[in-house]
Amino acid sequence: MPRSRSRLTPVAASVALAVLAALPAAAPAAAQQAAAATIRMMDTFEFEPSAVTIHAGETVEWRNASRFKHTVTANPKLGSAVLPAGAQPFASAELQPGESFRQVLSVPGKYRYFCTPHEGVGMSGTITVLP
Amino acid sequence: MNSSSLIAPARRLASRRSLIKGAGGATLSAVAISLLAGCDSMAADKPMAADPANDVAILNSALGLEYQAIAAYQVGAESGLLQKPVLDLAVQFQGDHKQHAQLLASTVTKLGGTPVMAKNPADYHFPVETLKTQADVLRFAAGLEKGAASAYLGAVPLFANKDLAKAAASILGDETMHWAVLRNAVGENPVPMSFIA
């Protein structure tokens, strides 16, 4: 009888365990604190709410609550994003329905972000980060 | 490229009066009727897909975008910034969106759903303060068309029913043609990529 493909070799098992052991240390800070604001991505091609306010160092979470794929893109080189001076651009990967993306915002000011494929139909939002 | 270099529309343009009249005045083309007929047969004769409510929700998402586009072209037409040939083109494109909206709303109803309504124009939050020239209006419209095309691209594989997917793909093609023509009108490469996203 052929061996099951799903059975790990000892070497592979060791590698997998090592990766799992390293995960907590490698996890981004955003994943370790509760979100100060949660923004849903809607079937209406809108971020809901479209404007939120947090304090510097807090986390924002975006949840794709729609049937469509969306992104969170805060990169002025890719569209109409606006960042405070000194803030680094950020962007999610393409988020499937049900997926989330988190970002810690440390630089106070006003952020404008958008969904890359749906920017043209007005899918954008703002975040005000207070000191 | 200026307005005089626009691709001449092959079909008869809608009148300016029809632009003002609103979505209710649109009539469906033969193609739209054919697409709708496919949806009719699906609604009446075939067993429904796994989740018809899901298909209705997707149709309503698309319908909302069509109403947005109709309102956007209205803003453009009433801006006073569009020269005659460009205004005619905007009227034509708005007429297309009215046909899309009518098809989508009819289909939602036939599937037992309730079509979403158009928002008040002010609630679309169009960037009217940035529309200073004809090119501004055309770029704004091009952005809407690109976003709509992307939305339909996302919608096509989501439909459980292939007739609905086909109808959405048909509209996707139309939105993409609009986008290309608008880009061409402002001197940009009308087909800047091999695939849309």
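H3(B) and H4(B) are roughly antiparallel to each other, since angles over 145 degrees count as roughly antiparallel. This is a predicted model: local features need pLDDT of at least 70, side-chain atom pairs count only at pLDDT 80 or more, and totals for chains, interfaces and linings use all residues. Residues are numbered from 1 along each chain as its sequence is written, while chains are lettered from A in the order in which they are written.

**H3(B) with H4(B)**
- Helix H3 of chain B spans residues 52-78 and helix H4 of chain B spans residues 84-110; helices are DSSP runs (H or I, at least four residues).
- They pack at an angle of about 155°, with axes 9 Å apart; axes are lines fitted to C-alpha atoms over the stretch in contact, and angles run from 0 to 180 degrees between N-to-C directions.
- Their crossing is left-handed: the near helix is turned anticlockwise from the far one by less than a right angle.
- This contact has 17 nonpolar, 7 polar and 2 charged residues.

**H4(B) with H6(B)**
- Helix H6 of chain B covers residues 162-185 and packs against H4(B) at about 165°, with axes 11 Å apart.
- H4(B) and H6(B) are therefore roughly antiparallel, and their crossing is left-handed.
- Residues of H4(B) that meet H6(B) include Phe93(B), Asp96(B) and His100(B); on H6(B), Ile171(B), Asp174(B) and His178(B) are among the partners.
- The contact divides into 6 nonpolar, 2 polar and 2 charged residues.

**Chain A with chain B**
- The contact takes 12 residues from chain A and 17 from chain B; two residues are in contact if their C-beta atoms, placed from the backbone, lie within 7 Å.
- On the chain A side, 4 residues are nonpolar, 4 polar and 4 charged. Ala, Val, Leu, Ile, Met, Phe, Trp, Tyr, Cys and Pro count as nonpolar, Asp, Glu, Lys and Arg as charged, and the others, Gly among them, as polar.

Definitions and conventions. Helix = DSSP H or I, 4+ residues; strand = E, 2+ residues; numbered from the N terminus. Parallel < 35°, antiparallel > 145°, perpendicular 65-115°, else oblique.
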